[in-house]
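Work through the exercises below with the model open. Each task is followed by a solution in steps.

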Amino acid sequence: MSMLIKILRCGDPLKWYSGIVGEVIPYTGTVPTRTGIEYRCRETAGYINFVSGEDAEIVYQINENNENNCVQH
């Protein structure tokens, strides 16, 4: 089982993930901030980046061979 984050929304068109709302990406950790949390993840280009906690949710990939088989945290 893999942990992923699903991008739910992005109110700022300048954020790197504004073009991938609705997609899931690899989750690598949670980072506390002064205003909440951010999810550390690996973007599609392979770089480590961050997503605002209010813009995403953690999901689990049950079947490694089926990327669409995810359940909510």
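**Exercise 1.** Which residue in S3 is the bridge partner of Pro-32?

Solution. This is a predicted model. Step 1: find strand S2, residues 24-33, and strand S3, residues 36-42. Step 2: look across from Pro-32 into S3, where the bridge partner is Ile-37. Step 4: follow the chain from S2 to S3, which are linked by a hairpin of two residues.

**Exercise 2.** Which residue in S2 stands opposite Lys-6?

Solution. Step 1: locate strand S1, which covers residues 2-7. Step 2: from Lys-6, go across to S2, where Val-24 stands opposite. Step 3: count the bridges between S1 and S2; there are three, and the pairing is antiparallel.

**Exercise 3.** How many helices and how many strands does the protein have, and in what order do its elements run?

Solution. Step 1: the count gives zero helices and six strands. Step 2: read from the N terminus, the order is β-β-β-β-β-β.

**Exercise 4.** Describe the aromatic pairs of the structure.

Solution. Step 1: there are two aromatic pairs. Step 2: one of them is formed by Trp-16 and Tyr-17, with 5.6 Å centre to centre and 80° between the planes. An angle over 60 degrees counts as edge-to-face, and this pair is edge-to-face. Step 3: compare the cover of the two partners. Trp-16 has a relative accessible area of 27% and is partly exposed, whereas Tyr-17 has 1% and is buried. The cut-off for buried is under 20%.

Step 1: turn to Tyr-27 and Tyr-39, whose rings also form an edge-to-face pair, at 6.0 Å centre to centre and 65° between the planes. Step 5: Tyr-27 belongs to S2 and Tyr-39 to S3, so this pair ties together parts that are twelve residues apart in sequence. Both Tyr-27 and Tyr-39 are buried.

**Exercise 5.** Among contacts between residues at least 6 apart in sequence, what percentage join residues at least 24 apart?

Solution. Step 1: keep the contacts between residues at least 6 apart in sequence. Step 2: of these, 36% join residues at least 24 apart.

Notes: Residues numbered from 1 in each chain as written. Predicted model: local features only at pLDDT ≥ 70, side-chain atom pairs only at ≥ 80, totals over all residues. Heavy atoms only, no water. Helix = DSSP H or I, 4+ residues; strand = E, 2+ residues; numbered from the N terminus. Contact = heavy atoms within 4.5 Å. Phe/Tyr/Trp six-rings, centres within 6.5 Å; stacked < 30°, edge-to-face > 60°. Buried < 20%, exposed > 50% of the residue type's maximum accessible area, 1.4 Å probe, protein only. Pairing = 2+ DSSP bridges.
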